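Biologist: I would like to learn how to read a structure of this kind, taking one feature at a time. Could we go through it together, slowly?

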Amino acid sequence: MSTVALGLPTTPSDRAEPTDAPTTGPLRDRFGRVAADLRVSVTDRCNLRCTYCMPAEGLDWLPTDAVLTTDELIRVMTVGVRDLGIRSIRFTGGEPLLRRDLEDLIAAMSARPERPEIAMTTNGLGLARRMDGLVAAGLDRVNISLDTVDATRFAEITRRDRLHDVLAGLAAARSSGLSSVKVNAVLADHTDLGGLPELARYCLDHGYQLRIIEQMPLDADHRWDRASMVTADEILAVLRDHFPLRPDPRPRGSAPAATWLVDGFHVDGAPARIGVIASVTRPFCGDCDRTRLTADGALRNCLFAQGETDLRNVLRSGLTGQDLDDALARRWRGNTWVKSAGHGVNDPGFLQPSRPMSAIGG
Ligand code: SAM
Ligand code: SF4
């Protein structure tokens, strides 16, 4: 029976359910990929204003009652790990640390018998004072976003003078004993290539794994330009000028970053690595195993998807117990089934999705 047949309300952006989607098993798509990595955006709000992500004045935030509650998020994530084969969950946003119940969400998932791996992507503001509680709740890994270690440039990029807070968050993450602390950097401007060796050196000296992400067309201002973006090749050329890099022999699997070993540097006794995520110039859609939930309860099968599947209406439909879980699982399988083969960023007819990165969850 379809969701519509159950009398569940749908929203205009809501994708119609495919009739040929699987009704059992994990989250599969028509191309044979299986989605086992869930990105959960817990808020669209943020306390920074990175130029490649948000306008200076911020965005029209979701109204509070549109955002999924603690219980609603736990319900959806539980269906994911128990019934749909989700093996890892990454909390993101907006800025996930703005949510006070983050520790409760992590604790609920780490207590599951299926125990997914639990990670978070954060800008690091306020992380230092919450780090112990997050680890106690069950956080396994953290990625902290940092594009430069130059305080002036940091303030220009993020429009806030908070570099010291981010560095304190990184140090707290490293001393908390987490298995890996990664730094996510976006180079939004070619001038930032000049600061890259200093950022890389800082990460290598402190035991953080730097991953540089090609900027994607997900900025709220729609200023992204394919012809002028900083490419993975340019990033690697600068890194090779300053560090002895060797291709990482480890298989990449579904990981987005291609990694290199940095001769002469070690982290906890293992060779140090640097990664480059060439989402635009070398898309890895064929290996993608992601599925995404936005803060207002929309499923997205790709960052660049034009359609979404609304779970909030299902959660608030009056269904309970197994009927609710079945309806959530059915909609989720349908959303994954219709995932496109590729993100299409390099196609002439590419359309930027209406939600910016901060409202999807990176
Ligand atoms: N606020 C948190 C943070 O900055 O880590 C989590 C959300 S943020 C949207 C997640 C990641 O997306 C960050 O590492 C950020 O650098 C990256 N990001 C934001 N806009 C991007 C864009 N247009 N292209 C590529 N990465 C982007
Ligand atoms: Fe906020 Fe993260 Fe976007 Fe920067 S990248 S504005 S920290 S959501």
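Biologist: In which strand does Lys 182 lie?

Modeller: Before answering, note that this is a predicted model, in which local features need pLDDT of at least 70 and side-chain atom pairs count only at pLDDT 80 or more, while totals for chains, interfaces and linings use all residues. Residues are numbered from 1 along each chain as its sequence is written, chains are lettered from A and ligands numbered from 1 in the order in which they are written, and side-chain values use heavy atoms, leaving out hydrogens and water. Helices (H or I, at least four residues) and strands (E, at least two) are DSSP runs, numbered from the N terminus, and Lys 182 lies in strand S7, residues 181-186.

Biologist: Is Lys 182 buried or exposed?

Modeller: Buried means under 20% relative accessible area, exposed over 50%, and partly exposed in between, with a 1.4 Å probe and protein chains only. Lys 182 has a relative accessible area of 15%, and is therefore buried. Counting heavy atoms within 4.5 Å as a contact, and leaving aside neighbours within four places in sequence, Lys 182 is in contact with residues including Arg 141, Asn 143 and Arg 211.

Biologist: At which residues does UniProt place the "binding site" feature that includes Lys 182?

Modeller: UniProt positions are given in the numbering used here, with shortened feature names, and annotations may be inferred rather than shown by experiment. The unreviewed UniProt entry places this feature at Arg 39, Arg 90, Thr 121, Lys 182, Arg 290, Thr 291 and Arg 292. Of these, Arg 292 is found in strand S12, residues 290-293, and counts as buried at 5% relative accessibility. Not counting residues up to four places away in sequence, Arg 292 touches several residues, among them Arg 39, which the record also lists.

Biologist: How should I read the way helices H1 and H2 cross?

Modeller: Two packed helices are described by the angle between their axes and the distance between the axes. Axes are lines fitted to C-alpha atoms, for helices over the stretch in contact, and angles run from 0 to 180 degrees between N-to-C directions. Here the axes of H1 (residues 70-83) and H2 (residues 102-110) come within 10 Å and cross at roughly 30°. Angles under 35 degrees count as roughly parallel, over 145 as roughly antiparallel, 65 to 115 as roughly perpendicular and the rest as oblique, and H1 and H2 are therefore roughly parallel to each other.
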